[in-house]
Amino acid sequence: MVEAGGNGSSAPPPATPYEKALAALSSLITKRSRADKSNKGDRFDLLFDYLKILELEEPIAQMKIIHVAGTKGKGSTCTFTESILRHCGFRTGLFTSPHLIDVRERFRLDGVDINEERFLAYFWWCFERLEEKATDDIPMPTYFRFLALLAFKIFAEEQVDVAILEVGLGGRFDATNVVQAPVVCGISSLGYDHMEILGNTLGAIAGEKAGIFKSRVPALTVPQPDEAMRVLEEKASRLDVPLQLVRPLDPNMLNGLKLGLEGEHQFVNAGLAIALSSTWLQRTGHLEYPEHSTSLPEQYIKGLTAKVSLQGRAQIVPDRFINSESPEDLVFYLDGAHSPESMEICARWFSHSVQPPGTSRSSHDWVQRHPIETVRKNSEQILLFNCMSVRDPQLLLPNLMKTCASHGVYFKKALFVPNTSVNHKVGSHSLPPTDSQVDLSWQFALQKVWENLMMCNKGGDDNSAGTVREELTDDKEIAVKSCENSAVFPSLPSAIQWLRDSVRQSKSVRFQQVLVTGSLHLVGDVLRFIKK
């Protein structure tokens, strides 16, 4: 129906209660700088005012919290820890970030995302009280701070036995660090990331992560680079924190079963999760896990090997919308790696996953259903990539290419796309700019790095690298700029359409295996697109 007196366009459907909440949440996204030491944590002390307004001081003091920071693996560690303690019979609350599709992914009760009804009730309870009390001195909290406050409210009202909190960024000035007396703290693997905020050295980064240490509260960590470990030990000593080094889990302790999360690196995270769970159980007066046991309790094994949800990390999703002989002709391998170290881990996982049985350990069941020689001869690997402009592609892309090549995996083509999701709105209903409005200069820069790497690998000299952009050809129906080894697409849908068309039209390639990495935002965009 056309609106009377309108311009001929239909009126948009009314917003649902959930969409109204997401719009309110989006209003808290600001362009203010993130909290760091240069701006005194962006007034970190405001968080304690918010706790008073929401009457959360006492509930948080009573909460039995596990607090985890780190560069790589903190989300996996938290997920394993939650699963272990849930299988031990406890009511669990898990707060992680970021979300990929729905903001409710950040809040899990007993291993399940909070339902929409309960989310809305707690959301508006917090939002309306904070809005009512907002002043120039105590403004509305920023986006992530509100989400952390909401997590505390949810876990308090739902009376969880244990709350597992993943730090959002850094540690010292992170919103989750309003917790004054956690039961135990954990530091997962450290590396170079968010250096513009946390510092340019591993020591500086470790110092920010160690900001979650609390006086005399046990802290656990995994093997770290020497520079980072020295800082963790210094910080721990200063606060009289007993700091324990945790070794990776021995796979033999799983009695022949597989971890619930893919990748060899997950044994490091699983080892830390076991130690965090055991320390929590011991310090809260529950079952004590023997320190030097050669076997794991049954509940631990169940928790570690159960199918757990951690979208966008070592996740394999066949494209079921392609109109071909098999929906598994096009398969997406999703991992939101965005640091040099995690990119190398991602490359190893992808390489192992796409190798047919007999050449390496495969993590993808569909390979088992096809003859080895068929998969080997009729498959090709494609890279679908984007990263934030604060990242250095000269550190990310060489690690990825070199590690894959060392496992015999070579990309046929690399596709570079902008993110679909916009950074100032929450939810799947926010529309991105049209293709003609998108600035692709960053994608062209990424493409140039890739082409230069390819030329170096093929023996090209530096002079040839400078002519890459000039040799690019226009093809508006396929890509904005395309060349032999790569292409830039104006949008994710156009790139996926090209992938689907390639599979349909190719007579020689049966299996197209697409690694999606460089950005969790990109991974979330792909998941939304192929699952809608």
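1. In β12, Gln381 has Phe411 as its bridge partner. Helices (H or I, at least four residues) and strands (E, at least two) are DSSP runs, numbered from the N terminus. From β11 the chain passes through helix α16 (residues 393–406) to β12, and this β-α-β crossover is right-handed. That term applies if, with the strands pointing away from the viewer, the path from the first strand over the helix to the second runs clockwise.

2. Seven of the seven residues of β11 are buried, so the strand is largely enclosed by the rest of the structure. Buried means under 20% relative accessible area, exposed over 50%, and partly exposed in between (1.4 Å probe, protein chains only). In a regular strand the side chains alternate between the two faces of the sheet. Both faces of β11 are covered: Ser379, Gln381, Leu383 and Phe385 are buried on one side, and Glu380, Ile382 and Leu384 on the other.

3. Strand β16 (residues 511–517) runs parallel to β11 and is joined to it by seven bridges; the bridge partner of Phe385 in β16 is Thr517. Strand β12 (residues 411–416) has five of its six residues buried, so β12 too is largely enclosed by the rest of the structure. Three bridges link β12 to the parallel strand β15 (residues 486–488), where Ser486 stands opposite Ala414.

4. The eight-stranded sheet. An open sheet of eight strands has the order β4-β3-β2-β5-β1-β6-β7-β8, with mixed pairing. At the β8 end, strand β7 (residues 219–221) runs parallel to β8 and is joined to it by three bridges. Within β8, Leu245 is the bridge partner of Thr221.

5. Helix α5 (residues 74–87) lies across β1 (65–69), β2 (92–95), β3 (107–109) and β5 (162–166), and runs at about 170° to β5. Axes here are lines fitted to C-alpha atoms, for helices over the stretch in contact, and angles run from 0 to 180 degrees between N-to-C directions. The loop between β1 and α5 contains Thr71, which is buried, with a relative accessible area of 14%. A polar atom of the Thr71 side chain lies 3.0 Å from the backbone nitrogen of Gly191.

6. Asp174. The loop between β5 and β6 (184–187) holds Asp174. This residue counts as buried, at 5% relative accessibility. Leaving aside neighbours within four places in sequence, Asp174 is in contact with Phe44, Phe144, Val167, Gly168 and Leu169; contact means heavy atoms within 4.5 Å. The C-alpha atoms of Asp174 and Gly211 are separated by 9.0 Å, with the two residues 37 apart along the chain.

7. Glu208. Helix α9 (residues 202–209) includes Glu208, which counts as buried at 10% relative accessibility. The Glu208 side chain makes a polar contact with the side chain of Arg172 (2.7 Å). A polar contact is a pair of N or O atoms within 3.5 Å; within protein, one must be able to donate a hydrogen and the other to accept it, and residues adjacent in sequence count only if both atoms are side-chain atoms.

8. The chain as a whole. The secondary structure comes to 21 helices and 16 strands. Of the 532 residues of the protein chain, 55% count as buried. Among contacts between residues at least 6 apart in sequence, 75% join residues at least 24 apart.

9. Confidence. The mean pLDDT, the predictor's confidence in each residue from 0 to 100, is 84 for the protein chain, and 79% of the residues reach 70 or more. Over residues 357–374 pLDDT stays under 50, and the model has 40 contacts beyond four places in sequence for them. Residues 460–477 also stay under 50, with 20 such contacts.

10. Conventions. Residues are numbered from 1 along each chain as its sequence is written, and side-chain values use heavy atoms, with hydrogens and water left out. Because the model is predicted, local features need pLDDT of at least 70 and side-chain atom pairs count only at pLDDT 80 or more, whereas totals for chains, interfaces and linings use all residues.

Methods: Two strands pair if DSSP finds at least two bridges between them.
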